[in-house]
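I'm opening my notebook on this one and writing down what I look up as I go.

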Amino acid sequence: GDYVQAYGEGASANAPLRGAQATQPVMCALLLDLADEGVVSLDREVSKDLPRQVGIAGITYGQLCTAQTGLADFKATIGDIMVNNPTRPWSDRELLAYGLAHSPLSWPGLDVHVSDTNMLLLARALRAVTETSIPELLESRVFNTAGMPSSYYPGDVLTDLSLPGSGLTGITYPAAGGAPQCEVGVVEVPQVSPSMLGAAGATVTTVTDLKNFYASYVGGQFGGAEFSDRVTTVLPTTNPIRNEAGEPVTEGEEAAARIAAADDPNGQKWGFGLEKVQSLYGRSGQMTGTLTASYHDPATGFSVVVVLNNSSAGSGFARTLAFELAALATEAGAGPAVTWSSEEQAAALAAAAICQPAA
């Protein structure tokens, strides 16, 4: 059965929340739907539809979701601003410029580099191809299909700063140098500009809608017979050392270690816009005032969704909590076939906690 529970004063289990990167795969679901209809080809170069955009030569639509574009993440140098000034509007062109300034990363087309910049570029290209807004495209092609009646993409990511009345109010510690300033104390962030992530995570959703989406997406409901298996076709996120021809190097200690990590069946893999860890497919995310994590095991039908309203510990904190809950279900005989224990994940969660008094 389902267990949906909110903890904390005034918290509601069906509260609207900012999905952050946990909702990022909705863009790849949209791409698969358009590819299935022949509106766009996964092998088509994006530059053909955005001819005035520099720095994207050779990048295909499919690579935007397989994370093989070589585009660097745009948040590396502006994370503190997003925390300390959460209502600042961000143009997608400005964010894309931050990503392009540090691109290309190693071996575009071969190596995997998970980057939010990919989704910004995908949204711009799909708007151009379809001549339709992202809110309209997601509503008609993704949210309705996946059973997400409470989800929406903001009509204007620059000005829609507030969640609906019952939305989860976020808190955060101010940041400096990428680290939370614990001595300052937490501050409420009732208003947050969705433009800080844009298509990489601006979707507003609920925990139940997130569960429905991943069950639908991983279950093959997008892309039709030709493309639906792309979702669960995975690549290792540990890239090999390559020679000048791009071929993996096999000699040397570091090269061998990378190959072993890539071949580890329990290691992180990357599918079509989402990660795979053992039998779980999903994403974790961070947006000022919100941490999210949502994972689904298609073999058992098990899903786990976690949302926290203090964002300062980072997306890995929510991911670890989700993995702990998955392990508890496994240990109770009702969860996925994960090999880690709930005690291991609990210890990792404790180690990741921030701004706590010394033991």
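Before I start, one cut-off I need: a residue is buried when its relative accessible area is under 20%, exposed when that is over 50%, and partly exposed in between. I also remind myself that this is a predicted model.

**Entry 1: disulfides**

I wanted to know how many disulfides the structure holds. I found two.

I took the Cys-28 and Cys-65 pair to begin with, where the S to S distance is 2.1 Å. The pair links distant parts of the chain: Cys-28 sits in helix H1 (residues 25-36) and Cys-65 in helix H2 (residues 61-66), 37 residues apart. I checked the torsion about the S-S bond of Cys-28 and Cys-65, and it is about -105°, so this disulfide is left-handed. Buried or exposed, I asked about Cys-28 and Cys-65? Cys-28 is buried, and Cys-65 is buried too.

Then I went to the disulfide between Cys-182 and Cys-355, with 1.9 Å from S to S. Cys-182 lies in the loop between strand E4 (179-180) and strand E5 (187-189), while Cys-355 is in the segment after helix H11 (342-352), so the bond ties together parts that are 173 residues apart in sequence. The torsion about the S-S bond of Cys-182 and Cys-355 is about -75°, so I noted this disulfide as left-handed. Cys-182 has 35% relative accessibility, so I put it down as partly exposed. Cys-355 comes out at 23%, so it counts as partly exposed.

I also wrote down the pairing pattern: with the bonded cysteines numbered in sequence order, it reads 1-2, 3-4.

**Entry 2: H1 against H6**

Back to H1, this time to see how it packs on helix H6 (residues 134-146). The angle between H1 and H6 is about 75°, and their axes are 10 Å apart.

Which residues of H1 and H6 make the contact? From H1 I listed Val-26, Met-27, Ala-29, Leu-30, Asp-33 and Leu-34. From H6 I listed Ile-134, Leu-137, Leu-138, Arg-141, Val-142 and Phe-143. Sorted by class, this contact has 10 nonpolar residues, two charged ones and no polar ones.

Phe-143 belongs to helix H6, and with a relative accessible area of 1% it is buried. Leaving out residues up to four places away in sequence, I'd expect a list of touching residues for Phe-143, and it includes Val-26, Met-148, Tyr-152 and Thr-203. The C-alpha atoms of Phe-143 and Ala-29 are 9.9 Å apart, although 114 residues separate them along the chain.

**Entry 3: the sheet**

In what order do the six strands of the open sheet come? I read the order as E7-E8-E9-E10-E11-E12, with antiparallel pairing. Strand E7 (235-236) and strand E12 (302-308) are at the edges and have a single partner strand each, so one side of each has no neighbour in the sheet. A reminder from class: strands of a sheet pair through backbone hydrogen bonds, in a parallel or an antiparallel way.

I followed two of the pairings. Strand E10 (residues 280-287) and strand E11 (residues 290-297) run antiparallel over seven bridges, and Tyr-281 has His-296 of E11 as its bridge partner. E11 and E12 are antiparallel as well and are joined by seven bridges; here Ser-294 is partnered by Val-305 of E12. The hairpin of E11 and E12 has four residues between the strands, and in it Gly-301 takes a positive phi near 80°.

Which two residues does a cis peptide bond join? They are Ser-103 and Pro-104, with omega at about 0°. Pro-104 is in the loop between helix H4 (92-100) and helix H5 (117-130).

Trp-107 is also placed in the loop between H4 and H5. Its phi is near 45°, a positive value in a residue other than glycine. Trp-107 has a relative accessible area of 32%, so I call it partly exposed.

Last stop was Ala-67, in the loop between H2 and helix H3 (79-84). Phi of Ala-67 is near 65°, again positive without being a glycine. Ala-67 has 2% relative accessibility, so it goes down as buried.

Note on methods: Residues are numbered from 1 along each chain as its sequence is written. This is a predicted model: local features need pLDDT of at least 70, side-chain atom pairs count only at pLDDT 80 or more; totals for chains, interfaces and linings use all residues. Side-chain values use heavy atoms; hydrogens and water are left out. A disulfide is a pair of cysteine sulfur atoms within 2.5 Å. Helices (H or I, at least four residues) and strands (E, at least two) are DSSP runs, numbered from the N terminus. Buried means under 20% relative accessible area, exposed over 50%, partly exposed in between (1.4 Å probe, protein chains only). Axes are lines fitted to C-alpha atoms, for helices over the stretch in contact, and angles run from 0 to 180 degrees between N-to-C directions. Contact means heavy atoms within 4.5 Å. Ala, Val, Leu, Ile, Met, Phe, Trp, Tyr, Cys and Pro count as nonpolar, Asp, Glu, Lys and Arg as charged, and the others, Gly among them, as polar. Two strands pair if DSSP finds at least two bridges between them.
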